[in-house]
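These are my notebook entries on one structure. I kept them in the order in which I looked things up.

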Amino acid sequence: MTTSSVSKGCFVFKPSSKRKKRALDAEDYFSDGSEDCETSKERFQLCQALWENMRAETEKVQDELNKKMLDSVLEFVRKSSTSFLSKEEDWASRMRASEIPTAALVLGVNVPDHDMTFQSLSDRLQQTVTPFVVSVQAKECAALKHLLQKFLQRLMGMSVSVDEEDEEAGAELPQKRSHCSLGALCDWYKTVSEKPSGTSPGKKRSSSAMEFPPRPPVILIFKDLEAFSSHVLQDFILICSQYTQQLPLLFIFGIATSPCTIQRMLPHSVTSLLCIELFQSLPCTQHLATVIDKLVLTPQQPFKPSGKVLQVLVGLFLYHDFSVRNFIKGLQLSLLEHFHSQPLSVLCRKKEEAVERAQKLSHQEVERIGQLPSFMRFVEKQEPEEQVQLLTSDEHVKEVCQKLLEDLRRYHKNFYPFLRCLHVLTSSLPKYPLGKQIRELHVSCLERNVWETEEYESALQLLRMLAKDELVAALQKCVEILKPGKTKNMRDALQQLESLTGRFQQLDSSADPPVAEGSTEGKEDDSSPGQDLQKKTDLFHLQKTLLEMKESRRSKKKSPFELLRNQAVEYIDSLVKMHLALPESQPLYEVYYYTSSGTLRRHLNATPRTSIQTALSHPYCYLQNEALKNEAGAISSAAPDLCVVYKLHLECGRLINLYDWLEAYSTVVTAAEGEDADSSEKGKISEMRHARFIRAVSELEFLGFVKSTKQKTDHVARLTWGGC
């Protein structure tokens, strides 16, 4: 046996030990910058679970609120689809057959919420009425050919757009364009509708899906009607009206403002081709009230926004876009920020889970609890021996923490029902002293002790003047609110309010008999101080008479109804003081409440003008370059050209001389480059600096700080203050 060297072989090259960088996911971003990295994963998972719960609740609320309108639209579509199949030959039927059924949906100015509504409508239409549902937006239909192309592409399954055809198809373009017509659509629809399944190509249906009618309608949804070009709409409707006998078309208009938009955009010759029926959605403010009621005003959700945070979210809703969707996004951001910035948010969960988690608190978490302001106030109120235990024993702190979490849960169970009771009693008072919406009263209760405000005192005075029917009706509503309550305080309050309501109803049977005209009380009235007001008197006697009338009213004997009404108002006042205390007065409230309204406003309420001015005045804030640090008002020679030009223009008046501005800029830049201004030729500015100056002024004009003026050719006008 001989040996020889290996001339051929298989060699293994092991990969390098360095691992490829993994793409960062949401959990990594959450952990980055978190105060307590040990519990960041647990907090992130808890945050995700709470958000999924809130989102599911929100979707359920949206479906319930839109159900009535969507059901009406579906009924209209079904009725229109049956008219397509009608064989009647009378004149009215022929006239209806020549018109295109159109549903006009007035959805309000909360445009960001419309997508959710149209998606829900489209899904229900495809599940119950027809598989042929297409949605278009104005931004993708600038011309008639684009509208036709999008309509046919999404309906027939065409996968090549017009722009791609221009680039790739070349000579085949005219042939492809010939198919983009309603005539081709009619042929395609005839072929598809003859199939027993009645579905479009490429769409599989389950055996459990309902069967569509023989000629299911073709529905086109215009999501934002106001944004469409009126000429495009007119031409498209005129073309479609020529095919009403071959193609069962149906339009749905999404309107944000008013139904008058249709008459404003389309002439009578076009609207006469449409059979329009109007549908109105609920106001977006009602949507917001329902969402707040389900997500905020409930003890079932552990996370709570503070009063200022809720004011920021509601303010953005009222003064920006009226979008409930954006409000929910802001609430989601608050939830994320709370769990990211508060390490003790690991306890922000349901009562049983929170108590169980409190038993597993680490030493570091116990120390964090001791640093909470609410817990420090709680410790200060305890006996000296208890204080020592709370400051030295971790196990004792865990036990106390469990009890405090249960107390906080009980506080929330009592807080919201009594908040609703107070709202029921005060929401119908004149001028709404505590607010017309319950969210306004809720914010007041979160920011201060509501019984210490002047508005609350005014509300109590008005309650003491309520008529019997109004007061009894309000008390009965309070009884209905408290009936589902399970806490002892709510049961006691329910029993007392039922007793007061029964006593009010018994007053009818035991009413006092009317006073006779010749009785003593009638004689006293005849000689009352008010008689002096009918006589001619001076200011002194008038003031004296009014004071006497005031004293007589105080000394006048009150009726049984007035006494009982005052007793009811005093009892309501005691309930408010007992159950509507500030959340900040409760130990460990920081676990559940997110209070950083400034951070939320900075993220949601964009201020581009302020940001631009800050960047131009203090570029160090964004560039973080130590050379850019300077005193307030000073011009740093190391700053970018745009910043230098901006600061120099602040020193000028309404009109700015471009040559003087250029010389000042050149002086600053010369100092930055370390050149001696005297060594250069007098009055000579390099072409490079001149070009840099022109570019900086152009950028400043683009940002809207200056503009050219016809008053002087070598001047520009300032725009940031005064008139030009």
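Entry 1: In what order do the 3 strands of the open antiparallel sheet stand? I found the order 8-10-9. I worked from a predicted model, in which local features need pLDDT of at least 70 and side-chain atom pairs count only at pLDDT 80 or more, while totals for chains, interfaces and linings use all residues. Residues are numbered from 1 along each chain as its sequence is written, and side-chain values use heavy atoms, with hydrogens and water left out.

I took helices (H or I, at least four residues) and strands (E, at least two) as DSSP runs, numbered from the N terminus. Two strands pair if DSSP finds at least two bridges between them. Strand 8 (655–657) and strand 9 (706–708) stand at the edges with a single partner strand each, so one side of each has no neighbour in the sheet. From one strand to the next the twist averages 40°; axes are lines fitted to C-alpha atoms, for helices over the stretch in contact, and angles run from 0 to 180 degrees between N-to-C directions. Strand 9 pairs with strand 10 (residues 715–718) in the antiparallel sense, over 3 bridges. I noted valine 706 opposite arginine 718 in strand 10.

Entry 2: I then turned to an open sheet of 5 strands, with parallel pairing and the order 2-3-4-1-5. Its edge strands are strand 2 (133–136) and strand 5 (274–280), and each pairs on one side only. Neighbouring strands here are turned by 20° against each other on average, direction ignored. Strand 2 and strand 3 run parallel and are joined by 4 bridges. Serine 135 has isoleucine 221 in strand 3 as its bridge partner. Helix 9 packs on this sheet and touches strand 1 (100–106), strand 3, strand 4 and strand 5; contact means heavy atoms within 4.5 Å. The direction of helix 9 makes about 160° with that of strand 4.

**Entry 3: aromatic pairs.** I counted rings of Phe, Tyr and Trp (its six-membered ring) as a pair if their centres lie within 6.5 Å; planes under 30 degrees apart count as stacked, over 60 as edge-to-face and the rest as tilted. The count by this rule is 19 aromatic pairs. Phenylalanine 151 lies in helix 5 (residues 144–156) and phenylalanine 236 in helix 9 (residues 230–241), so the pair ties together parts 85 residues apart in sequence.

Buried means under 20% relative accessible area, exposed over 50%, and partly exposed in between (1.4 Å probe, protein chains only).

I also looked up phenylalanine 222 and phenylalanine 251, an edge-to-face pair at 5.6 Å centre to centre with 90° between the planes. Phenylalanine 222 is in strand 3 (residues 218–222) and phenylalanine 251 in strand 4 (residues 249–255), so this pair ties together parts 29 residues apart in sequence. Both phenylalanine 222 and phenylalanine 251 are buried. One aromatic cluster is formed by Phe151, Phe222, Phe228, Phe236, Phe251 and Phe253.

**Entry 4: helix 20.** How many of the 10 residues of helix 20 (residues 438–447) are buried? I found 7, so the helix is largely enclosed by the rest of the structure. Among the buried residues are Arg439, His442 and Cys445. The cover over the buried residues includes helix 12 (284–295), strand 6 (304–305), helix 13, helix 19 and strand 7 (593–594).

**Entry 5: positive phi.** Phenylalanine 322 is not a glycine, yet its phi is positive, about 55°. I located phenylalanine 322 in the loop between helix 13 (307–321) and helix 14 (324–341). Its relative accessibility is 28%, so phenylalanine 322 counts as partly exposed. Glutamine 624 also has a positive phi, near 55°, and sits in the loop between helix 29 (620–623) and helix 30 (641–650).

**Entry 6: totals.** Of its 724 residues, 42% count as buried.
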